[in-house]
2 protein chains.
Amino acid sequence: MTSKLLNLVLALAVVILAIELTIAKKETAAQPQATDAATALDVIAQRTSVRAYDDRPVETEKVEALLRAAMAAPTARDSRPWAFVVVNDRAKLKAIADTLRGSRMAAKAQLAIVVCGDMSKALEGSGRDFWIQDASAATENLLLAATAQGLGAVWTGVYPGADRVKVCSEILNLPQHIIPLCIVPVGYPAGDVTPKDKWDSSRIHYNHW
Amino acid sequence: MTSKLLNLVLALAVVILAIELTIAKKETAAQPQATDAATALDVIAQRTSVRAYDDRPVETEKVEALLRAAMAAPTARDSRPWAFVVVNDRAKLKAIADTLRGSRMAAKAQLAIVVCGDMSKALEGSGRDFWIQDASAATENLLLAATAQGLGAVWTGVYPGADRVKVCSEILNLPQHIIPLCIVPVGYPAGDVTPKDKWDSSRIHYNHW
């Protein structure tokens, strides 16, 4: 009698566990699909300007991932009018920080990536200035790739400030056809990385103003 | 005897199922962490210009997610100098497609988002043109949010083409202080969405040119 009751309880337990397992496995299989959107949208929402970094070195593979992301951005008529200068020399970082006030956090960064326009690759004539939009899209990808990898970064403007372009070009020995758009100091964040909520539905119009 | 054997088999089955369930649940819990970086980097790598769309309507929540992503982008001194016109009126989409050759795929798109600069919010003086970089970063976020959600989109340029700016402003009835930067047709992709591999290590320099 006891044995039969035990059998019944065990059989019931097996059935329940089997059902639970099936559900759990289905959830596991479904997850990549379900979280794909959420994860990428989260990274976009979590990205924020990080201006303080700790001393941890940034892995070479992570730096390459930043540059890969940057080059994956769209460019006008696929012109790819960009170049990137990775600055990890302490003296150069200090020179940038000392001479370009807006980029002074470069002094404490592990590295900075200078996103440039390459005028030998930019469209000709009236399309030339699309390099600004192309290099900006590349910069945004770079910032998101930093966030995705647990790094902190900040976009500090150079172009179109003529003085800043001149100073930056001198420090990096840039040729005439290479225009620095911005300097992005990078490192592991020290302190708060809470993003701002900038959502503002009043900025949205439908079909006409 | 049979009953005892059955009991033993059942007990064993319960134990195995319990272990499997624990493993499955752990995998489910661990997944988001492990894929965070990979997923966001994947979305960046997978984004490509999608110019053909099928007839499926695009969900309102997905359109809002596109706009949220756009507004999450960084802007110079947090000026947020942007505005967005969501065009889903068939006649307006046709007018865009007919008059702006570069945006002709808008005719078949479910909607188009026109990313604009708001000169009443842009920085003053020499910083004014940062709106171009800011609106470009917003556009890139919007494109990535489309990819993340299984949508297809393409950045079609308006500014700085004076003619295109004029035509687009007329169609959307934009006031003087609103400058359309680009038009992004959006829909569910029809056909191939294989991204280009644009990686080119020759574009990377270290510390100086």
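This is a predicted model: local features need pLDDT of at least 70, side-chain atom pairs count only at pLDDT 80 or more; totals for chains, interfaces and linings use all residues.

Colleague: Is Gln46(A) buried, exposed or partly exposed?

Modeller: Gln46(A) is partly exposed.

Colleague: What does Gln46(A) touch, leaving out residues up to four places away in sequence?

Modeller: Thr147(A), Val193(A) and Pro195(A).

Colleague: And how far is Gln46(A) from Ser136(A) in space?

Modeller: The C-alpha atoms are 19 Å apart. In sequence, Gln46(A) and Ser136(A) are 90 residues apart.

Colleague: Next one. Where does Ser103(A) lie?

Modeller: In a loop of chain A, between α3 (90-99) and β2 (111-118).

Colleague: Switching to chain B. How many residues of β5(B) are buried?

Modeller: 10 of the 10. So β5(B) is largely enclosed by the rest of the structure.

Colleague: Which strand joins β5(B) through eight bridges?

Modeller: Strand β2 of chain B, residues 111-118. The two run antiparallel. Within that pairing topic, Ala112(B) has Pro185(B) as its bridge partner in β5(B).

Colleague: And which strands pair with β5(B) over two bridges?

Modeller: Strand β3 of chain B, residues 152-153, pairs with β5(B) in the antiparallel sense over two bridges. Strand β4 of chain B, residues 156-157, also pairs antiparallel with β5(B) over two bridges.

Colleague: Now the interface. How many residues of chain B are in contact with chain A?

Modeller: 85 residues of chain B, against 83 residues of chain A.

Colleague: How much area do the two chains bury between them?

Modeller: About 7,500 Å², with 64% of it on carbon and sulfur atoms. On chain B, Arg203(B), Asn207(B) and Trp209(B) supply 12% of the area buried against chain A. That is more than any other three residues.

Colleague: How many salt bridges does the rule find across the interface?

Modeller: Two. Asp78(A) forms a salt bridge with Lys196(B). The closest N and O atoms there are 3.9 Å apart, and the cut-off is within 4 Å.

Colleague: How many residue pairs are in polar contact between the chains?

Modeller: 28, counting pairs with both residues at pLDDT 80 or more.

Colleague: Which element gives the largest share of chain B's side?

Modeller: α1(B), with 25 residues. By type, the residues on the side of chain B that touches chain A divide into 49 nonpolar, 16 polar and 20 charged.

Colleague: Last thing. Which strand of chain A pairs with β6(B)?

Modeller: Strand β1 of chain A, residues 82-87. The pairing is parallel, over three bridges. Val86(A) stands opposite Tyr206(B) there.

Conventions:
Residues are numbered from 1 along each chain as its sequence is written. Chains are lettered from A and ligands numbered from 1 in the order in which they are written. Side-chain values use heavy atoms; hydrogens and water are left out. Contact means heavy atoms within 4.5 Å. Buried area is the accessible area (1.4 Å probe) that two parts lose on being put together, summed over both. A salt bridge is a side-chain nitrogen of Lys or Arg within 4 Å of a carboxyl oxygen of Asp or Glu. A polar contact is a pair of N or O atoms within 3.5 Å; within protein, one must be able to donate a hydrogen and the other to accept it, and residues adjacent in sequence count only if both atoms are side-chain atoms. Helices (H or I, at least four residues) and strands (E, at least two) are DSSP runs, numbered from the N terminus. Ala, Val, Leu, Ile, Met, Phe, Trp, Tyr, Cys and Pro count as nonpolar, Asp, Glu, Lys and Arg as charged, and the others, Gly among them, as polar. Two strands pair if DSSP finds at least two bridges between them. Buried means under 20% relative accessible area, exposed over 50%, partly exposed in between (1.4 Å probe, protein chains only).
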